[in-house]
Amino acid sequence: MKKAIYTLAFIGALYSCKTTQTSKENQPVIASIDLVNVEEDKVSVSVDPDRFTTENTTFYIPKTVPGTYSTDNYGKFIENFKALDYDGNELEFKKIDDNSWNIPNAPNLDKVSYQVNDTYDIEDEEGVFSPSGTNIEAGENFMLNLHGFVGYFENKQEEPYRLQIKRPQGLIPGTALSKTVAASEDMSFKEDIYSLGRYFEVIDNPIMYAKPDTTSFMVEGMEVLINVYSPNKKYTSKSIKPGIEEMISAQKRFLGEVDNTGKYAILLYLSDSEKQDARGFGALEHHTSTVVVLPEAMQPEQLQKTMTDVVSHEFFHILTPLNVHSKEVHYFDYNDPKMSQHLWMYEGVTEYFANLFQINQELIEKQDFYDRISDKIKSAQQFDNTMPFTEMSQNILEDPYKDSYYNVYQKGALIGMALDIRLRELSDGEMGILDLMKALSQRYGMDKPFEDEELFDDIVELTYPEIRTFLETYVSGTTPIPYNEFFAKVGLEESETEINTGYFIKGQTPYIDGDPAKGDLFFRENIQFNSFLQELGVKGGDIIKTVNGEEYNIQNVYNLIMKAESWEEGEEVSFVVMRDGEEVELTATTAQPTDTDTTITEKDLPESSKEVKLRNAWLKG
Ligand SMILES: [Zn+2]
């Protein structure tokens with residue numbers, strides 16, 4: 001594969017810590033992706049390794065990738081697999097399972113080739129979370145989460161890779177990677193070439209190809225790139241930059257001296273609610289970038305708020321797992337993964353920081369912070385409160401543990417909060433969980449994993465003997481966290497009050513739910529509705545057919561929620577619902593909906609009390 005068909009025009013070779021020089025004796029694995037000749041929504045890929053010395057080999061596409069904590073079988077999206085010899089003849093191979101192909105005659109193997117289908121336009125995306133999924137839309141957008149495109153040969157994961165991506169004129173890559181560019185003689189396409197140190201770096205560096213929409217800014221020596229794909233041109237990278245800049249600047253101030261990336265790329269894919277498109281909203285972390293997928297229909301204010309919550313979470317992953325992780329994470333087996341016990345830290349503490357920094361840096365009010373904690377306590381109630389978090393984490397890919405994954409963002413964050421309060425209490429306000437994480441990241445780091453079994457010992461050594469009791473009781477133990485005891489230490493209490501809600505959502509809990517089998521949207525049963533839904537006369541189990549004449553189902557539920565966000569007070573709205581097999585029309589006038597809720601509030605205590613002092617150290621320390 002060394003035919004020189006292009007005139008090499010080096011537009012500029014930039015350097016980054018991710019670009020690794022390939023040693024002379026080691027020919028890199030060359031992965032070629034063709035984004036120009038897309039056929040039937042499929043992209044052709046070839047992977048060309050150095051000559052094999054083993055008798056046979058197996059080619060793998062990941063079954064799972066770090067950060068997703070789910071089994072996704074990316075090999076399911078591969079078609080037309082071929083093993084080719086040096087004359088271009090097809091060699092025999094045996095497909096072992098969804099993700100692996102055995103090639104018996106390895107010494108004659110030149111390369112493998114195949115076609116890749118994307119996940120975004122498949123119904124339900126076959127369970128793949130969109131920020132780790134793939135998009136192929138010729139001439140318009142390619143979301144290259146590279147684990148969906150590029151595989152690896154047995155025992156060759158640690159070899160360097162050269163990624164060659166042929167792209168049409170008009171599309172540019174959004175990525176934290178540096179590249180060299182070659183152009184075809186007739187300038188009809190270009191080829192981007194990326195050098196990567198090992199297979200992990202390939203999948204740690206997603207690339208989004210789209211029409212140019214990139215903005216960048218500097219924060220204390222770090223360059224932040226924002227790439228936006230907005231199919232209906234509702235948003236641009238410039239329009240979201242101010243919010244992101246404010247947030248990342250606040251994160252850098254909160255973190256102080258810890259992160260070590262010189263460049264960070266935010267790849268935002270906004271999905272079109274009107275057609276089959278990505279529906280798994282959220283983001284996935286990488287060392288120097290994050291892929292974010294959100295609905296384009298979101299209103300600007302809400303998009304900014306969600307970006308703040310989501311991107312700050314991903315950015316805080318720089319601390320953990322990226323710089324503090326166990327061997328299970330470091331030597332990740334993409335096809336037979338062993339999971340670490342410490343999701344409470346990787347995801348929980350990260351999620352806690354994504355909320356704590358906002359109050360610490362005064363991006364939100366104290367009551368907003370307490371309300372978020374309160375929402376997490378309520379969401380955590382849906383899960384088994386006695387399931388040891390370490391056991392759940394270690395078995396997160398299996399039943400019955402995998403259904404508890406969402407709780408890592410709920411109870412996981414609350415573990416972070418309780419540990420933070422306990423550390424502040426023991427240290428007279430001096431030490432919090434951020435100090436602990438910094439100490440751990442100094443002891444370990446990106447290239448130095450810890451032993452899963454030894455993390456608690458390390459934490460105790462860096463903190464207080466009492467912390468062992470905390471960890472063994474609430475993290476690896478079966479005892480639920482007595483939140484009120486922790487709140488009392490910082491002068492907070494839980495009480496019942498009236499709150500404002502959205503038309504369809506209270507805090508983070510929707511009043512509606514969806515039936516994935518039928519696609520129906522219905523009002524939840526056995527719950528109290530807000531004042532608006534009560535006025536409307538909704539009953540639990542009512543299936544929503546239309547709202548103001550527009551039909552709704554699971555596919556466009558976000559449109560409904562977004563439209564409701566923009567309702568002015570005093571508008572007439574009409575619903576058609578299916579109740580006991582009959583259509584019923586319901587009408588009401590819009591007004592700010594209210595509901596009662598348990599909220600966390602500050603006790604009336606003097607500023608000089610030890611509770612208030614501890615609270616100030618906790619939130620402002
Ligand atoms: Zn996360």
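Q: Two strands pair if DSSP finds at least two bridges between them; how many bridges join strand E2 to E13?
A: This is a predicted model in which local features need pLDDT of at least 70, side-chain atom pairs count only at pLDDT 80 or more, and totals for chains, interfaces and linings use all residues. Residues are numbered from 1 along each chain as its sequence is written, and side-chain values use heavy atoms, leaving out hydrogens and water. Helices (H or I, at least four residues) and strands (E, at least two) are DSSP runs numbered from the N terminus. Strand E2 (residues 29–39) runs parallel to E13, and the bridges joining them number 6.

Q: Which residue in E16 is the bridge partner of tyrosine 161?
A: E13 also pairs with strand E16 (residues 189–196), in the antiparallel sense over 8 bridges. Within E16, tyrosine 161 has as its bridge partner leucine 196.

Q: Why is strand E13 largely enclosed by the rest of the structure?
A: Buried means under 20% relative accessible area, exposed over 50%, and partly exposed in between (1.4 Å probe, protein chains only). Strand E13 (residues 161–168) is largely enclosed because its buried residues number 7 of the 8.

How values were computed:
Two strands pair if DSSP finds at least two bridges between them.
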